[in-house]
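Here is a short briefing on one protein chain. Look over the sequence and the fold before reading on.

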Amino acid sequence: MTIAEADGMRLAYIAEVTEGTTPATPAFQVLRYTGESIVATKNTVISAEVTPSKNLTDVIHAGDSISGGFEGELSYGTYDALLEGLFRSAWSSDVLINGITRKSFTFEKTAEQGATDSFMRYRGCFINSMSLDISDRSAIKAGFEIMGMGVDNGAAAIITGATYVAANTNEIMPSGTYVGTIAVGGIVALPAIRGVSLNIASNNREQTQVGSNDLAGVAVGRFEVTGTLSCYFTNIELYNAIRDHDSATITIPLGLITGEKYTLELPAVRFLGGDPIGGGNGQDVAFDVEFQAVYDATTVGTMKITRAVA
């Protein structure tokens, strides 16, 4: 018996042509990741049947829910296809703007167990959300959450004809030199930044059905982007922008290598709150500013990513 080890697991995915159906002879893309939590939760119902013996008659299988996700460290090109799923759109001339085009994936986990491996496959998976964390003195971290339609029984072999595309080896982006000048346009000169966090949510929901343990589908919801700018407190301008409920733009350049950079743009944001906090002796005054992006008619979307930036 070989006990599977976490650092021997492989996580891979492939875009689906038909939602909820893994393509025949799939070419799986192997993912770079630091941890995963993809699960198929079996929904169960306890029988309410009355018995004179006062025993439980049965536990009923009432469908499956596919959830969880994975975390990784940002590198150029690694998550571009999954970003299309999250944004419900496609890259056009190296630009991605959120839209309403649906895109689903099959995810596969492979547990290395010596002579015979174990394969777990999750179908009809939509990207439900992504988090991006840019903190000082660390790698830029990304996390993805999924919502799926169904799960296959575990297997001891690959799908007949399946192939696996190796993950790229592009450099992991650190939060130092790989982060350009973060700009807040339209209001203020931004103070020195301690960190930035973004949460991009598709707000999907399950569409349940009778006649199958799979979902009938996954409904995509409203596209929402929220975040926090963690700043040093250097002037009163940003504080007053919060109080005045001003609108602004936020631009976040990522990458150092020419042609392997991203520019993240939120063309219209509202500042939701934030107050300078003096914690005590020997501490800098922290200023965490919460914001939410809204639709911008010029961009025709809420968020824009440009890749292959020089």
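Which side chain of opposite charge is nearest to Asp-296, a residue that is buried yet has no salt bridge? It is Lys-304, 8.6 Å away. The model is a predicted one.

**Overall build**
- The protein has 310 residues, and 42% of them are buried.
- Its secondary structure comprises two helices and 21 strands.
- Along the principal axes, the C-alpha atoms fill a box of roughly 70 × 50 × 45 Å.
- Take the contacts between residues at least 6 apart in sequence: 68% of them join residues at least 24 apart.
- The accessible surface is about 15200 Å². Carbon and sulfur atoms hold 51% of that surface.
- The protein carries 20 positive and 34 negative charges.

**A buried charge without a partner**
- Asp-296 sits in the loop between β20 (286-293) and β21 (304-306).
- Asp-296 is buried and forms no salt bridge. A salt bridge needs a side-chain nitrogen within 4 Å of a carboxyl oxygen, and Lys-304 is 8.6 Å away.
- Beyond its neighbours within four places in sequence, Asp-296 contacts Pro-267, Ala-268 and Gly-301.

**Salt bridges**
- The count comes to 10 salt bridges.
- Glu-19 pairs with Arg-102, with the closest N and O atoms 2.8 Å apart. This pair links distant parts of the chain, 83 residues apart. Glu-19 is in the loop between β1 (10-15) and β2 (27-30), while Arg-102 is in the loop between β7 (95-97) and β8 (105-111).
- Both ends of that pair are partly exposed: Glu-19 has a relative accessible area of 32%, and Arg-102 has 35%.
- Glu-84 and Lys-103 form a salt bridge at 2.5 Å, N to O. Glu-84 lies in helix α1 (residues 80-87) and Lys-103 in the loop between β7 and β8, so the bridge ties together parts 19 residues apart in sequence.
- Glu-84 counts as buried, at 14% relative accessibility. Lys-103 is partly exposed, at 22%.
- Asp-288 and Arg-194 meet in a salt bridge at 4.0 Å, N to O. Asp-288 is in strand β20 and Arg-194 in strand β14 (residues 193-201), 94 residues apart.
- Asp-288 is partly exposed at 38% relative accessibility, and Arg-194 is partly exposed at 35%.
- Asp-80, Asp-94 and Arg-307 are joined in a network of salt bridges.

**A nonpolar surface patch**
- Ile-46, Leu-56 and Val-59 make up a nonpolar patch on the surface. Together they have about 290 Å² of accessible area.
- Ile-46 belongs to strand β4 (residues 39-46). Ile-46 counts as exposed because its relative accessible area is 57%, above the cut-off of 50%.

**A buried isoleucine**
- Ile-66 lies in strand β5 (residues 59-67).
- Is Ile-66 buried or exposed? Ile-66 is buried, because its relative accessible area is 1% and the cut-off is 20%.
- Leaving aside neighbours within four places in sequence, the contacts of Ile-66 include Val-39, Ala-40, Tyr-122 and Cys-125. Also among them are Ile-146, Met-147, Gly-148, Met-149, Gly-150 and Val-151. Glu-206 is another of its contacts.
- The C-alpha atoms of Ile-66 and Arg-123 are separated by 8.6 Å. Along the chain these two residues are 57 residues apart.

**An exposed loop residue**
- Thr-160 is placed in the loop between β11 (150-151) and β12 (163-165).
- Thr-160 counts as exposed, with 71% relative accessibility.
- Which distances separate Thr-160 and Ala-24, in sequence and in space? They are 136 residues apart in sequence and 8.2 Å apart in space, C-alpha to C-alpha.

Methods:
Residues are numbered from 1 along each chain as its sequence is written. This is a predicted model: local features need pLDDT of at least 70, side-chain atom pairs count only at pLDDT 80 or more; totals for chains, interfaces and linings use all residues. Side-chain values use heavy atoms; hydrogens and water are left out. Helices (H or I, at least four residues) and strands (E, at least two) are DSSP runs, numbered from the N terminus. Buried means under 20% relative accessible area, exposed over 50%, partly exposed in between (1.4 Å probe, protein chains only). Contact means heavy atoms within 4.5 Å. Accessible areas come from the Shrake-Rupley method with a 1.4 Å probe; for residues, only the protein chains shown count as cover. Lys and Arg count as positive and Asp and Glu as negative; His and the chain ends are not counted. The place of a charge is taken as NZ of Lys, CZ of Arg, CG of Asp or CD of Glu. Patches are made of residues with over 30% relative accessible area and no salt bridge: like charges are joined within 9 Å, nonpolar side chains (Val, Leu, Ile, Met, Phe, Trp, Tyr) within 5 Å.
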